[in-house]
Amino acid sequence: MIVVGCQFDIAWENKRETCQRARQLLQENPPPQNALVVFPEMFSTGFSMHVPKIAEGEEREAEAFLKSVAQEYQVAALGGVVNLEADGMGRNQSVVFAPDGSELARYNKIFPFRPGGEAKRYRAGDELIFFEWQGFRVATFVCYDLRFPEIFRCAALQGADLITVIASWPIARWHHWVTLLQARAIENQAYVIGVNRSGDDPYFHYPGRSIVVHPDGQILADAGESDGVIRAECDIEELRSYRQTRPFLADMRPEWLPKRA
């Protein structure tokens, strides 16, 4: 399976302009059929705390864009959206659509970024979400989740072969981003694709550095800092062979994982 990461500068709180930028990027770099195409966290608006302004609403503009990408290119399209709950709290979500436009999965970010005020505006998720694509069991996460290895370990225990992490990760901690993505791949013996935004919003500069990581930690593709598209091949048979010859996961002791309340 080919995984594709789309990294670009997001027009602040402007879904129409951003979706046009993303579409142009895909037209210049069309993904192959049956690929998994991944866009960043809150890909159509930027990492905003203005929940009522950027939430999907009735038109569901960002989700419609993802559906159209999935249908036009016959791929699975995954990206970050915001939805509003009845009490005004937001949900920072990763959603993925199939080539027929149906929804494959919707994940609520488990760890809102408390230091940045996200936890005051967005409700935390409480469930791991998986979907099947091209023979892979895929687990999807969002940005700050990356700092909490216990949820990734739980995903590994539930059979994750490929892990997606979509993000708005600022330049001040770019080395954490790359290192942690490699660590999650190594310790869970899974492919990892991390897709970050590039450019600027009113508060931060974003370094991009979207990468695809092999289960042994080597970086298979790196987008650098500019707008662009990366792609890499993930081989399920190679993954199974790698796990069989290096059976580290078999020695996990789940009793040492934190117990949920």
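Mentor: A cavity is a set of points, on a 1 Å grid over the protein atoms alone, where a 1.4 Å probe fits but cannot get out. Grid points are joined across faces, edges and corners, and a volume is the space filled by probe spheres set on the points. This is a predicted model, in which local features need pLDDT of at least 70 and side-chain atom pairs count only at pLDDT 80 or more, while totals for chains, interfaces and linings use all residues. Residues are numbered from 1 along each chain as its sequence is written, and side-chain values use heavy atoms, with hydrogens and water left out.

Trainee: What volume does the largest cavity have?
Mentor: Its volume is about 40 Å³. The structure holds one cavity of 30 Å³ or more.

Trainee: Which residues line the largest cavity?
Mentor: Lining residues have an atom within 4 Å of a point. Here they are K15, M42, S44, T45, I54, E56, A62, G80, V81 and V82.

Trainee: How does this lining divide into nonpolar, polar and charged residues?
Mentor: Ala, Val, Leu, Ile, Met, Phe, Trp, Tyr, Cys and Pro count as nonpolar, Asp, Glu, Lys and Arg as charged, and the others, Gly among them, as polar. On that basis the lining has five nonpolar, three polar and two charged residues.

Trainee: Why is M42 called buried?
Mentor: Buried means under 20% relative accessible area (exposed is over 50%, partly exposed in between; 1.4 Å probe, protein chains only). M42 has 1% relative accessibility, and therefore counts as buried. M42 also has a positive phi of about 40° although it is not a glycine.

Trainee: What makes R209 buried?
Mentor: The relative accessible area of R209 is 17%, so R209 is buried. Its phi is near 60°, a positive value in a residue other than glycine.

Trainee: Which residues of helix 5 are buried?
Mentor: Helices (H or I, at least four residues) and strands (E, at least two) are DSSP runs, numbered from the N terminus. In helix 5, residues 149-157, the buried ones are I151, F152, A155 and A156. They cover an arc of only 150° around the axis, which puts them on the same side of helix 5; the arc is that of the directions from the helix axis to the C-beta atoms.

Trainee: In what sense do strand 12 and strand 13 pair?
Mentor: Two strands pair if DSSP finds at least two bridges between them. Strand 12 (residues 211-213) and strand 13 (residues 219-222) have three bridges, in the antiparallel sense.

Key
On a 1 Å grid over the protein atoms alone, a cavity is a set of points where a 1.4 Å probe fits but cannot get out, and a pocket is an open set with protein on both sides within 12 Å along at least five of seven lines; lining residues have an atom within 4 Å of a point.
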